[in-house]
Amino acid sequence: MRASIASFTASLALCALACQGQPAADAGAPVDAAAREALAADRAGSVFTAPNAAGAAQTINASGGRVIDPGNPFFQALGTNGRACATCHDVRDNMTITPARLRDRFDATGGTDPIFRPVDGATSPDADVSTVEARRSAYALLLSRGLIRIGLGVPPDAEFELVDVQDPYGHASAAELSLFRRPLPATNLRFLSTVMWDGRETFPDASQPGGYAPLALELADQANVATLGHAQAAAPLGDAQRQAIVAFELQLYTAQASDDGAGRLTSGGASGGPRVLSAQPFTFGVNDPFDGGPFDPAVFDEFTAWQGSRREARAAIARGQELFDHLPIAITGVSGLNDELGLPVVQGTCTTCHDTPHAGSHSVPAPLRVGTDLPEPPGGLDASGLPVYTLRDRATGELTRTTDPGRALVTGRWKDIGRFKGPTLRGLAGRAPYFHNGSAPDLASVVGFYDARFGLRLTEGEKGDLVAFLRAL
Ligand code: HEC
Ligand code: HEC
């Protein structure tokens, strides 16, 4: 990785001489000069370095192929509205999108960049997009929190019914709820046990080990559905295109590579950065705490007793890792965990739910309701501007209010309301905001949420350490 950082810097320097005036050719082309240069410099490379507020992240193509490969359908407009996968999964934003760059894209194009399409970029598909000012208002949730509108209906045989809708944008109904969600990063995919926030692209298959269809098959279906939906294609993707997309995206790994305080995150043998991640073994169910798996992730052990330069910043990351691994959390009121186990309190840690080594996702499908979907979520999360749905259990008459029923719109089950997967926790620093609905503007807000939600009583120092650790992932 050192060599690649060096060669990246060198190619930037060369590019400053050679690349002047070259237009950026990709869909969703970068608008600021620095990004354009980075893209030009890295276009043919298998490593892409993306600066962020904490330092820099890197995305690598582990096969040695290009990270930005215009020949791959991932980068091509496959539908009718000019969008590619890369429109919403942008390597400069760790394979998702971020509000700051979306605002740049809006300003540079007057809100006509392909990401600004009414179908799911706007707060309603019927929103007025006739003028720049109308577009600024129609794309408000995209511009402020990077949210895409997912339209899903209540399944016909659901155990619940929709009894009230408060949609400020006047579109949502039982036939199509408007759910505003962050694009999950299309990277580090090899570690996934669950595809999409609500697992709707994860298919039970009893004939397979683990009980689910092979990941590549799920991702191929996902690519097709994304093309028909987000890109408004008239016909399904062909098999060759699906396979080319899946083969490409499965080779991508993203992680923070350097930290402004701690320096290179592979220093002294530490296991930060995407290269080590790409070599991390994964098996379905690995370390699942409910299957007796021990868990002791150790990305930054080498920083614990570090005596060299940058000692303070490295020690903070190591202390944060220690908290993440071992801070006792009395997990309570989590639908999908406490009820499934029949335990009002589960004594756990952050890693109870983020258990996949080095990746931080859950190694089996285990959608959970931690409370991020509530109209007034705990811990100061920002749910403003989201529609609010009231659902009634057909059997008991019980009511619940939510901004997103999550898993329940896939299964139709009452108990699945508000449940979402625990996502991968790598390359976090460059892709705020967090949680499925972008309700945490930064990592300090994520930590603040858990502190309030589980009564952790973290000191300011501990909060800072946890943020330092998360930022370095
Ligand atoms: C308009 C924006 C947009 C476009 C275009 C788009 N996506 Fe996505 N993508 C999203 C959103 C939003 C989600 C999360 C939706 C959810 O979970 O309900 C997502 C989720 C994903 C995931 C799931 C990752 C995970 O952790 O489960 C993959 C993989 C993915 N997209 C790949 C693609 C591919 C391949 C294409 C092109 C064929 C594509 N996307 C086009 C917005 C987009
Ligand atoms: C009870 C299970 C559980 C515990 C314990 C837990 N998490 Fe989570 N975590 C989740 C789930 C589920 C999500 C996704 C929620 C959503 O998006 O609505 C999540 C999301 C996150 C995210 C946002 C990731 C993203 O891409 O948006 C971060 C960061 C995170 N958790 C860190 C932590 C830390 C730090 C701790 C310990 C203090 C912790 N988690 C403890 C289940 C848990």
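1. Thr372 places a polar side-chain atom 2.5 Å from an oxygen atom of ligand 2. The model is a predicted one, and this distance, like the others below, is computed from its atoms. Two further side chains make polar approaches to ligand 2. Arg431 has a polar side-chain atom 2.8 Å from an oxygen atom of the ligand, and an N or O atom in the side chain of His436 is 2.6 Å from an oxygen atom of ligand 2.

2. The shell around ligand 2 holds 24 residues, with Cys350, Cys353, His354, Thr372 and Tyr450 the closest. By class, 17 of the shell residues are nonpolar, 5 are polar and 2 are charged. Strand β8 (329-332) and helices α13 (350-353) and α15 (443-453) each contribute at least two residues to this shell.

3. Which protein atoms coordinate the iron atom of ligand 2? They are NE2 of His354 and OH of Tyr450, at 1.9 to 2.0 Å. The iron atom has 6 donor atoms around it, and the arrangement is octahedral because the angles they subtend run from 83 to 179°.

4. Tyr450, with a relative accessible area of 23%, is partly exposed.

5. How many donors does the protein give to the iron atom of ligand 1? There is a single one, NE2 of His89, at 2.1 Å. His89 is located in the loop that runs between α3 (85-88) and α4 (99-109).

6. Ligand 1 is surrounded by 29 residues, and the closest of these are Cys85, Cys88, His89, Met196 and Arg200. The shell divides into 17 nonpolar, 5 polar and 7 charged residues. Four elements, α3, β3 (148-152), α8 (215-229) and α9 (239-249), each supply at least two of the shell residues. Helix α8 provides the largest share, 5 residues.

7. The polar approaches to ligand 1 come from both side chains and backbone. A polar side-chain atom of Arg181 is 2.8 Å from an oxygen atom of the ligand. In Arg200, an N or O atom of the side chain lies 2.7 Å from an oxygen atom of ligand 1. Met196 makes its approach through a backbone N or O atom, 2.7 Å from an oxygen atom of the ligand.

8. The salt bridges in the model come to 25. One of them joins the side chains of Asp93 and Arg101, with N and O 3.0 Å apart. Are these two residues buried or exposed? Asp93 is buried, with a relative accessible area of 2%, and Arg101 counts as buried at 16%.

9. A second salt bridge pairs Glu176 with Arg149, the closest N and O atoms being 2.7 Å apart. This pair links distant parts of the chain: Glu176 is in the loop between β4 (160-166) and β5 (177-181), Arg149 is in strand β3, and 27 residues separate them. Glu176 counts as partly exposed at 26% relative accessibility, while Arg149 counts as buried at 5%. Strand β3, where Arg149 is found, is also an element that supplies at least two residues of the shell around ligand 1.

10. Asp416 and Arg413 form a salt bridge in which the closest N and O atoms are 3.0 Å apart. Both residues belong to a network held together by salt bridges with shared partners, which joins Asp339, Glu340, Arg413, Lys415, Asp416 and Arg419. What is the relative accessibility of Asp416, and what is that of Arg413? Asp416 counts as buried at 1%; Arg413, at 35%, counts as partly exposed.

Terms used:
Residues are numbered from 1 along each chain as its sequence is written. Chains are lettered from A and ligands numbered from 1 in the order in which they are written. This is a predicted model: local features need pLDDT of at least 70, side-chain atom pairs count only at pLDDT 80 or more; totals for chains, interfaces and linings use all residues. Side-chain values use heavy atoms; hydrogens and water are left out. Donors are N, O and S atoms within 2.8 Å of the metal (3.2 Å for Na, K and Ca); water is not among the atoms, so sites may look incomplete. A residue is near a molecule or strand if one of its heavy atoms lies within 4 Å of it. A polar contact is a pair of N or O atoms within 3.5 Å; within protein, one must be able to donate a hydrogen and the other to accept it, and residues adjacent in sequence count only if both atoms are side-chain atoms. Ala, Val, Leu, Ile, Met, Phe, Trp, Tyr, Cys and Pro count as nonpolar, Asp, Glu, Lys and Arg as charged, and the others, Gly among them, as polar. Four donors count as tetrahedral if all angles lie between 85 and 135 degrees; four count as square planar and six as octahedral if opposite donors are over 155 degrees apart and all others between 65 and 115; anything else is irregular. Buried means under 20% relative accessible area, exposed over 50%, partly exposed in between (1.4 Å probe, protein chains only). A salt bridge is a side-chain nitrogen of Lys or Arg within 4 Å of a carboxyl oxygen of Asp or Glu.
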